[in-house]
Amino acid sequence: MRRILIFLFVSLLAVSVNAQYAGYTVVNDLAKFKAVFSQAAQRTTSITSDFIQEKNLSMLSEKIISKGKFWFKKESLVRMEYDAPFKYLMIINKDKVFIKDGQKQNTISTKSNKLFQQINKITVDCVQGNVLNNPDFKVKLFENKGNYLVELSPIPKNLKEFFKSINVIVDKKDYAVTSIDMNEQSGDNTLIRFTNKEMNATIPDTFFIIN
Amino acid sequence: MQRSLILFLLLTSCLATMLACTTVFKGLTDVPGDVAAVQKFKPEFTVALYKTEVNVMGNYLSGLLLIKKMPDSSTRMLFSNEMGFKFFDFEFSGNGDFKVHYIIKQMNRKAVVKTLRKDFELILMQHPENGAAKLKASSEGLRYYIYPQSKGFNYYITDSTISNLLCMKRASKSKEIVTVIARDYKDGLPDTIGIEHHNFNFSIALKKIIR
């Protein structure tokens, strides 16, 4: 009888763990996923995509929607061009971040700002596929019929202050990242969804030039 | 070109108003009138989103400021950058209480929080119900609605007919601390707000975003 109760308890626990993300179940073979994901990342030389960024403010019951275009080019060039709610351009080129906001331009060296460097690395690593190897995060993997959900829990204290977890959704078809959901300790989150993706198109280097 | 012209005109008009408002508060005389008349300029922040630019000691910061009136009549102000990283989340209660729900470590200094609190309280017209408020006028006929604070005073300066709020100021007994200009009210909300500190290099520019 006692055994049955323990079995029932463990089973219920397993169900509740699996129910962490609705419709997703835990994948235990992380190594296999890592290998396939890494191979797919190696085949990806560039990504061109639209994006919708949704900032959910739970306590305020508000959403701030931003939209724009996204370009990634190997090894670590990123361009994010916001069209709404206003024009804003951000280029990540190696260890520099260039920002153009209206008439104002600003170049930040991530070398001099550790937090910026870490956030920069997360953005590039997520789209590039190296995020699973980032030692700043503990990784858990879940799956449903069409997608993988990679849950990244930050380990360093300064990242924990910003994020409770970052969830990356990967399409099972092509192992491409379809969304990045950054969850804050407060319950707020920022979800970036990538749509109209084009893989390995030619993108000129001039797109990522920082003056 | 048109945008530059608008910006130039806006800056010129702000500068002209600031010059008009830079009188040291001497030679003011008591005048009869309703001290609560200035309440008509109290902004009605049901929910509003502002593009925000902050210049502090040569450093530039930009993002979005969400201002929302909550069901309990408190006002929340949340500032995040374009990518959704939150800088601060403040709550201003109707009774003058203030709560920091969140602030990033880099900004979490007593002086920074106090400065931002007082600046926003000036804009929100948080204390005008104060019974000690006075109404004075300058020799040019400008009306000065003066609200004593725990330290110093909040000034709301209008034209003689109380048709326009020319500027808001925070000042000690001897010197001006900050000047705020709010322009182009629509549905009880200013389209642009400029905050300029006089004792150190710190300014905030807000431009309402149509959602």
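Which residues does A:Leu152 touch, not counting residues up to four places away in sequence?

Analyst: A:Leu152 touches A:Val131, A:Phe137, A:Val139, A:Ser165, A:Ile166 and A:Val168, with residues up to four places away in sequence left out. Two residues are in contact if their C-beta atoms, placed from the backbone, lie within 7 Å.

A word on the source. This is a predicted model, in which local features need pLDDT of at least 70, side-chain atom pairs count only at pLDDT 80 or more, and totals for chains, interfaces and linings use all residues. Residues are numbered from 1 along each chain as its sequence is written, while chains are lettered from A and ligands numbered from 1 in the order in which they are written.

Now the setting. A:Leu152 sits in strand β9 of chain A, residues 147-154. Strands (E, at least two residues) and helices (H or I, at least four) are DSSP runs, numbered from the N terminus. Chain A has four helices and twelve strands.

Is A:Leu152 buried or exposed? A:Leu152 counts as buried because it has 25 C-beta neighbours inside 10 Å. The cut-offs are these: buried means 20 or more other C-beta atoms within 10 Å of the residue's own, exposed means 12 or fewer, and partly exposed lies in between, with C-beta atoms placed from the backbone. Of the 211 residues in chain A, 28% are buried.

Next, distance. A:Asp136 is 16 residues from A:Leu152 in sequence, and their C-alpha atoms are 9.0 Å apart. Across chain A, take the contacts with a separation of 6 or more: 43% of them join residues 24 or more positions apart.
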